[in-house]
Amino acid sequence: MNLSTSTPVVTGAARGLGRHIVDELLERGAPKVYALARDTSRIRQDPRIVPVAFDLLDPASIEAAARRAADATLLINNASTAEFAGPLDGQPDAVEREMAVNYHGTYAAIRAFVPVLEVGGGRIVNVLSLLSLASSPPMTGYSASKPPPTRLPRPCARSSPRAASRCTASTRPGSTQT
Amino acid sequence: MTAGIDTAKTPPAQVAAGLLDGLAADEEDIFPDPNAQAVASTWWSDPKAFERVFSGAAAA
């Protein structure tokens with residue numbers, strides 16, 4: 001896809017990898033980037049960056065963000081959460097939170113944005129980590145929460161060919177300095 | 001996110017660039033950084049060996 005003519009939405013855009021994705025999209029000529037984050041005050045000020053409040057644990061905020069970014073043509077699902085805990089010492093509510101954010105939240109974002117991407121055509125990419133392919137014992141709950149989103153792209157592409165004309169993509173970074 | 005194996009960490013700007021390179025090239029499975037690319041070949045050729053490496057049961 002041509003990024004210089006795209007209108008991207010980046011979730012988790014206030015810090016870490018998300019912030020760098022926003023900068024790189026602007027570097028490559030995207031005229032406007034929707035930067036979604038829980039704390040929009042942490043998003044850097046730039047006339048090309050549109051900050052939008054967004055929390056993967058808050059379905060109403062996801063729906064509102066999709067209405068706000070009505071001209072989007074690319075959704076980069078970058079936001080996620082991670083606990084560093086082994087298989088027997090992770091707190092149950094922390095494990096639940098990883099699944100709620102990383103799977104249910106990502107699913108909700110896809111469902112909210114597919115109708116938006118139907119309008120202009122578009123694409124979805126889920127940032128999943130290598131741990132979507134294999135478990136790492138020190139991050140057991142996180143490892144379990146990352147494969148489920150890989151089950152979403154093909155069904156979504158089947159149900160909405162225009163929104164995901166080239167299917168949706170998965171990206172799996174290794175260890176990153178964030 | 002940090003994997004459970006001892007590898008060099010990639011600067012996030014480089015990961016972001018690799019991600020967008022993959023999108024621009026319409027790749028469906030994007031391995032955006034050198035760490036990910038190094039193990040991706042194992043995943044394609046031998047997924048079970050890949051699992052063992054990440055669980056610490058085998059050397060890379």
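**Entry 1: terms and model**

I began by settling what an element is: helices (H or I, at least four residues) and strands (E, at least two) are DSSP runs, numbered from the N terminus. I note that this is a predicted model, in which local features need pLDDT of at least 70 and side-chain atom pairs count only at pLDDT 80 or more, while totals for chains, interfaces and linings use all residues. Residues are numbered from 1 along each chain as its sequence is written, and chains are lettered from A and ligands numbered from 1 in the order in which they are written.

**Entry 2: two positive phi values**

I looked up S129(A), which lies in the loop between β5 (123-127) and α4 (140-145) of chain A. S129(A) is not a glycine, yet its phi is positive, about 75 degrees. Is S129(A) buried or exposed? I call a residue buried if 20 or more other C-beta atoms lie within 10 Å of its own, exposed if 12 or fewer, and partly exposed in between, with C-beta atoms placed from the backbone. S129(A) has 26 C-beta neighbours inside 10 Å and therefore counts as buried.

I then turned to D26(B), found in the loop between α1 (12-24) and β1 of chain B. D26(B) is also a residue other than glycine with a positive phi, near 60 degrees, but D26(B) counts as exposed because it has 12 C-beta neighbours inside 10 Å.

**Entry 3: the sheet**

I traced an open sheet of seven strands, in the order β3(A)-β2(A)-β1(A)-β4(A)-β5(A)-β6(A)-β1(B), with parallel pairing. At the edges stand β3 (49-53) of chain A and β1 of chain B, each with a single partner strand, so one side of each is left without a neighbour in the sheet. Two strands are taken to pair if DSSP finds at least two bridges between them. Strands of a sheet pair through backbone hydrogen bonds, either parallel or antiparallel.

Three parallel bridges link β1(A) with β4(A) (residues 74-77), where the bridge partner of V9(A) is L75(A). Three parallel bridges also link β1(A) with β2(A) (residues 33-37), where V9(A) has Y34(A) as its bridge partner. The chain gets from β1(A) to β2(A) through helix α1(A) (residues 16-27), in a right-handed β-α-β crossover; right-handed here means that, with the strands pointing away from the viewer, the path from the first strand over the helix to the second runs clockwise.

Which residues does L75(A) contact, leaving aside its neighbours within four places in sequence? Counting two residues as in contact if their C-beta atoms, placed from the backbone, lie within 7 Å, I found V9(A), A109(A), F113(A), L117(A) and I124(A).

**Entry 4: where the chains meet**

I found that the contact takes 34 residues from chain A and 35 residues from chain B. On the side of chain A that touches chain B, α1(A) gives the most, with six residues. The residues of that side divide into 18 nonpolar, twelve polar and four charged, where Ala, Val, Leu, Ile, Met, Phe, Trp, Tyr, Cys and Pro count as nonpolar, Asp, Glu, Lys and Arg as charged, and the others, Gly among them, as polar. Two bridges join β6(A) to β1(B) (residues 29-30), and these strands run parallel, with T171(A) standing opposite I30(B).

**Entry 5: a helix of chain B**

I ended with helix α3 (residues 47-55) of chain B, whose buried residues are F50(B), V53(B) and F54(B). They cover an arc of only 95 degrees around the axis, which puts them on the same side of α3(B); the arc is that of the directions from the helix axis to the C-beta atoms. What covers these buried residues includes α2 (34-45) of chain B. After α3(B) comes G56(B), with a positive phi near 85 degrees.
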